[in-house]
Amino acid sequence: MTGTEKKLFPRLVERLKSATEKSALERATQELLAAMSLAEKIGQMSGNATQLDVAIMLVRYNLKTYDSGENRRLGIPAIRFTDGPRGITVGRSTCFPAAMARGAAWDPALEERVGQVMGVEARAQGANFFAGVCINVLRHPGWGRAQETFGEDPHLLGEMGSATIRGAKPHVMTCVKHFACNSIEESRFYVDVRIDERALREIYLPHFKKCVAAGADSVMSAYNRVNGKHCGHNRHLLSDILKSEWGFDGLVMSDFCYGVYDGKAGVTAGLDVEMPQTKCYGKKLRKLVEQGEVPEAAVDRAVSRILRAKLAFALRDAADAYPPEKIACPEHTRLAWEVACKSMVLLKNENRVLPLDRTKIRRIAVLGRLAGKANLGDRGSSLVRPPYAVTPLAGIRNRAGNEIAVLSYTGSSLEKARRIAARADVTIIVAGLTGREEGEYFPRIRGGDRLELGLGEQDRAMIKAVCGQGSPCVVVLEGGSVIAMDGWKDAVDAILMAWYPGMEGGNALADILFGNVNPGGRLPVTFFESADQLFAFDKKARRVTYDHYHGYRYADFKTIRPAFYFGFGLSYAGFSYADLRLADSCLPADGTLTAAVDVTNTGSRAGDEVVQLYVEYPAAGPPRPVRELKAFQRISLAPGETRTVELTVPISDLAFYSEDQERWQVARGDYTVRVGPSADPAALTLSRSVTVC
């Protein structure tokens, strides 16, 4: 070591700012690596949390950043970690609707703005690494952490996750999680997911690949096993696919505390950083290297990735651009309101009960145990602590004005609820789930997976007692996944899925109820009638088999008609589709399918529609789902307006993975292209055929 190596990192950053050749970053990375001792290298590879920090984590997660890899001698900054699928978990940040709600917006441009705000607020609170991009497939709607992801479909997941990364990346290092096949909560530490290579590649990995292509700086490994190997020890996932095939040059980080069990297995498989504390790396890994059990070249590969990510981030860093005044500022909370408005899904609206007519309503009854609560989601690693949160009751009062009386009751007495409802012109019941019924599982806090998909007994009793008694009844549902409505759906006039709507959720809900905003959300998951329509779900499973079929794919495969299809949502406007045409009737395997369709707003109000394109496959080739989402676009139309919507699909997106040849193949033959407002076969009335020649 020489004195010239002191504070080498900032000097390399300054040199890189004026460099023009692409190889400069790699040369700087290797120069920095060469200046490090073995102990310094290994010091980059795990978090700095103490046992006390971990104990506090179980009670108040991420009150401060979780740091790793600071080297003062060389001036190498730490990775300063914050979580945040629904907002930054450090400090008092803007709380957005849960990721599942944002998936219901079907709006990547909007999600990119959300990512930008999260990146800015992370930096304003001292973080430089954002691990809030969760894109796990929702395989079964009972999964407790469904609220953290964007839905059940890999194409939707890829589009939304990529958008979050594009928004946040200018401000922080971005991390996408949990790699891979993580879709059971309560057995997440030990469950072994058995899956064939086709299903893995076609259903559970494409969205990760898209996020890597969008520039993710890091990938977090999952807790579970895949085909017998812990994800943090899984060479096939981390090295063969992620790093070699996809060319990912960022770092791989373990999930917290239980993401790695063996230092040698982790580093040789491709796990670069152990978080949040040193358990298997650190001195244990150094000893393995010194004894020849682990080649130092494996450490060098891991540390090169960490250093490269830090240098690349330093080049785009503008530390003075993030004043504390940015945190939960009016601009950011206004975006939280906009996202909540665009994510809520109108599922039923008999006799056009909604929007509420101010000229005919003098008294509104607002009932239900959740009406007066700021129900933001679970209390696990995605917990956000906003400076305020608007409840449904407060939002309705805010928008009701002086001319409409709001009568409320949040207790459990059915008789009292009936009396209040009898005095009102319309009744709104706020029901659903909380972090106690679903979410990241902690024994004292609860959460976890759901075996039953319906409402709790108190909510069901309230709906049955009050609705169908004369005046119109609207049910507002809060939750992070499917809520089955068997036994009460037909008794109510309107149903609005509000999800976990964020800090401005109450105001957004009221704006939709009163018609200030036209609902435009569409379901990112299939709402089944009940758990009886689905395959078995064991939340304590030690081994489970995943395949191609879940959500709308499963409904098609089993010819089941769910309560509400993936992609479904009503509007106060109406929309018609006409004249689907394809630019080409015959395309090569390396071509691009281009479809155009005319969409008209047939209503008297402006509104948003989500135009969805599904593809059905030729008979040649292996068995595949009946149809799959391949493109979508959210559009806004004025009353009477017609717009031509163009959707494109690379033919490579229609490929299947050949296990025999270990490569992707596009089957030649006729494909059917269907366009419409949801995955419901009855709604996909426009179709055209295209041949892959």
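Which residues does Q612 touch, not counting residues up to four places away in sequence? Q612 touches W106, F566, G567, L629, A631, F632, R674, V675, G676, P677, S678 and A679, where contact means heavy atoms within 4.5 Å. The model is predicted: local features need pLDDT of at least 70, side-chain atom pairs count only at pLDDT 80 or more, and totals for chains, interfaces and linings use all residues. Residues are numbered from 1 along each chain as its sequence is written, and side-chain values use heavy atoms, with hydrogens and water left out.

Q612 belongs to strand 22, residues 607-616. Helices (H or I, at least four residues) and strands (E, at least two) are DSSP runs, numbered from the N terminus. The relative accessible area of Q612 is 0%, so Q612 is buried. Buried means under 20% relative accessible area, exposed over 50%, and partly exposed in between, with a 1.4 Å probe and protein chains only. The Q612 side chain reaches the backbone oxygen of G567 at 3.1 Å. A polar contact of 2.7 Å also joins the side chains of Q612 and Y614. Such a contact is a pair of N or O atoms within 3.5 Å; within protein, one must be able to donate a hydrogen and the other to accept it, and residues adjacent in sequence count only if both atoms are side-chain atoms.

P276 is placed in the loop between helix 11 (263-269) and helix 12 (282-290). P276 counts as buried because its relative accessibility is 1%. Its contacts include G47, N48, A49, V54, M57, F256 and C257, not counting residues up to four places away in sequence.

An open sheet of 6 strands has the order 1-2-3-4-6-9 and mixed pairing. Its edge strands are strand 1 and strand 9 (251-253), each of which pairs on one side only. The twist averages 30 degrees from one strand to the next. Two strands pair if DSSP finds at least two bridges between them. Strand 6 (residues 218-221) and strand 9 pair in the parallel sense over 3 bridges. V219 stands opposite V252 in strand 9. Helix 7 (residues 154-168) lies across strand 3 (129-134) and strand 4 (173-179), and runs at about 160 degrees to strand 3. Axes are lines fitted to C-alpha atoms, for helices over the stretch in contact, and angles run from 0 to 180 degrees between N-to-C directions.

An open sheet of 4 strands has the order 8-7-5-18, again with mixed pairing. Strand 8 (229-230) and strand 18 are its edge strands, each pairing on one side only. Strand 5 (residues 192-195) pairs with strand 18 in the parallel sense over 4 bridges. The bridge partner of R194 in strand 18 is T545. Helix 8 (residues 197-204) lies across strand 5 and strand 18, running at about 100 degrees to strand 5.

Strand 10 (residues 345-349) is mostly covered, with 5 of its 5 residues buried. Strand 10 pairs with strand 17 (residues 494-497) in the antiparallel sense over 4 bridges. K348 has I495 as its bridge partner in strand 17.

A search of the whole structure finds 21 aromatic pairs. Rings of Phe, Tyr and Trp (its six-membered ring) pair if their centres lie within 6.5 Å; planes under 30 degrees apart count as stacked, over 60 as edge-to-face and the rest as tilted. Y66 and F81 form a tilted pair, at 6.4 Å centre to centre and 45 degrees between the planes. This pair links distant parts of the chain, with Y66 in strand 1 (residues 66-68) and F81 in strand 2 (residues 79-82), 15 residues apart. Y66 is buried at 6% relative accessibility, and F81 is buried at 0%. W499 and F527 form an edge-to-face pair, at 6.2 Å centre to centre and 85 degrees between the planes. W499 lies in the loop between strand 17 and helix 18 (505-513) and F527 in the loop between helix 18 and strand 18 (543-546), so the pair ties together parts that are 28 residues apart in sequence. Y61, Y66, F81, F129 and F256 form one aromatic cluster.
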